[in-house]
Amino acid sequence: MSEMGADQEGIDGVRMTWNVWPRTKVEASKCVIPIAASVSPIRSHPDIPTLPYAPLRCKTCISLLNPFCRVDFAAKIWICPFCFQRNHFPHHYSMISESNLPGELYPQYTTVEYSLSNPGAVPDVAAPQSIPPVFLFVLDTCMIEEELGFVKSALKRAIGLLPENALVGFVSFGTQVQVHELGFSEISKVYVFRGSKEISKDQVLEQLGLGGAGRRAVGGYPKGVQNGYASSGVTRFLLPASDCEYTLNSLLDELQTDQWAVQPGHRALRCTGVALSVAAGLLGACLPGTGARIIALVGGPCTEGPGTIVSKDLSDPVRSHKDLDKDAAPYFKKAVQFYENIAKQMVSQGHVLDLFASALDQVGVAEMKVVVERTGGLVVLAESFGHSVFKDSFKRIFEEGEQSLGLSFK
Ligand SMILES: [Zn+2]
């Protein structure tokens, strides 16, 4: 029946497996590929018009006046296509006619933005506007020089794309975890955590000097975000992109691959689990309830401390699908349990984990995915941080514009 062009897909952010509907059940049953739609809400596009007034809502359901509504211009009534409710136009629509349509009824305007001069007029808008987007980067340094170079330049590009007020933090890890205090720009100041032992949230905060006064109740917005970033954790570890870009760029220039010697025939000691624990603890103390994102960039499997998925000995292969099926993956259950706890912590804090993994072998997404899934994060797997799969996906998180995922610009 109705066909949707490629241009329309870009504007509406909807892509369907079929662009023509089956008209009967028999026709529908003959579709080898079922009808499905992928939807990207809040997608920006230069051709989406902005209307400077509030939308008209259906009296009984939550739908809005749109080009698919039937309109009786004489009676000044519109019929909701979802619930068939007949709605009277309000007084300020009295001039409406077939030749004088409001923007939201133009047939080509299937998606419109409403810009409200008084945001208080819209009920149920959850996110307060004063909280900027927050990104805590967690970078694996157990990789070859070339890969670290790729990921560093991707990071620098990303930070350059962020809005000035976005809060940025940086954690690097290998055999140990390093939390970088970006607010201390004179010399580089780093807090080091052992990667071999599980660490509680309280221990993390204690070591970072965020115990007691620095800690805030889960669910409350830190006052520091609104008035000059007064919270000590925020001013020390999570800074506005415009304030820390220089520090972070020079830090990345100096950052080397993990310096701990890797024994012949062994895997690098990589403590991904502890690194995520520390990152979650830091965000929980500084910015609970803000939708902050941990962006983890991982180059191989966790081999050190909690969350380990394979032994350090290279002759011991990473578990396969068969091993998981046969319940013959000795590290699996324990690792999943560990990541389930991190997932619980992050969900209660209102934070997200995005995982960018790059390696020819496995990195342990099967174990870690519980955190990403429960927090609504993203996973991107590539064979190299120099590959366009990684580079383009990574850029889309931070950039503004049509290709953007809209995570850093609201
Ligand atoms: Zn309705």
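Visitor: Which residues of helix α11 (residues 365-375) are buried?
Guide: Heads-up: this is a predicted model, where local features need pLDDT of at least 70, side-chain atom pairs count only at pLDDT 80 or more, and totals for chains, interfaces and linings use all residues. Residues are numbered from 1 along each chain as its sequence is written, and side-chain values use heavy atoms, leaving out hydrogens and water. With buried as under 20% relative accessible area, exposed as over 50% and partly exposed in between (1.4 Å probe, protein chains only), α11 buries Val365, Glu367, Met368, Val370, Val371, Val372 and Thr375.

Visitor: What do the buried residues of α11 pack against?
Guide: Helices (H or I, at least four residues) and strands (E, at least two) are DSSP runs numbered from the N terminus, and contact means heavy atoms within 4.5 Å. The partners of α11's buried residues are α8 (272-286), α10 (332-349), β14 (352-358) and β15 (379-382).

Visitor: Which residues hold the zinc ion as protein donors?
Guide: Donors are N, O and S atoms within 2.8 Å of the metal (3.2 Å for Na, K and Ca), and water isn't among the atoms, so sites may look incomplete. In sequence, the donor residues are spaced C-x2-C-x18-C-x2-C. Their SG atoms lie 2.2 to 2.3 Å from the zinc ion, and they belong to Cys58, Cys61, Cys80 and Cys83.

Visitor: What geometry does the zinc ion's site have?
Guide: Four donors count as tetrahedral if all angles lie between 85 and 135 degrees. Here the four donor atoms make angles of 103 to 117 degrees, and the site of the zinc ion is tetrahedral.

Visitor: How many residues apart are Cys61 and Cys83?
Guide: Cys61 sits in the loop between β3 (50-51) and β4 (70-72), and Cys83 in the loop between β5 (77-79) and β6 (86-88). The pair links distant parts of the chain, with a separation of 22 residues.

Visitor: What share of the protein chain's residues counts as buried?
Guide: The protein chain has twelve helices and 15 strands. Among its contacts between residues at least 6 apart in sequence, 70% join residues at least 24 apart. Of the chain's 410 residues, the buried share is 44%.

Note on methods. Four donors count as tetrahedral if all angles lie between 85 and 135 degrees; four count as square planar and six as octahedral if opposite donors are over 155 degrees apart and all others between 65 and 115; anything else is irregular.
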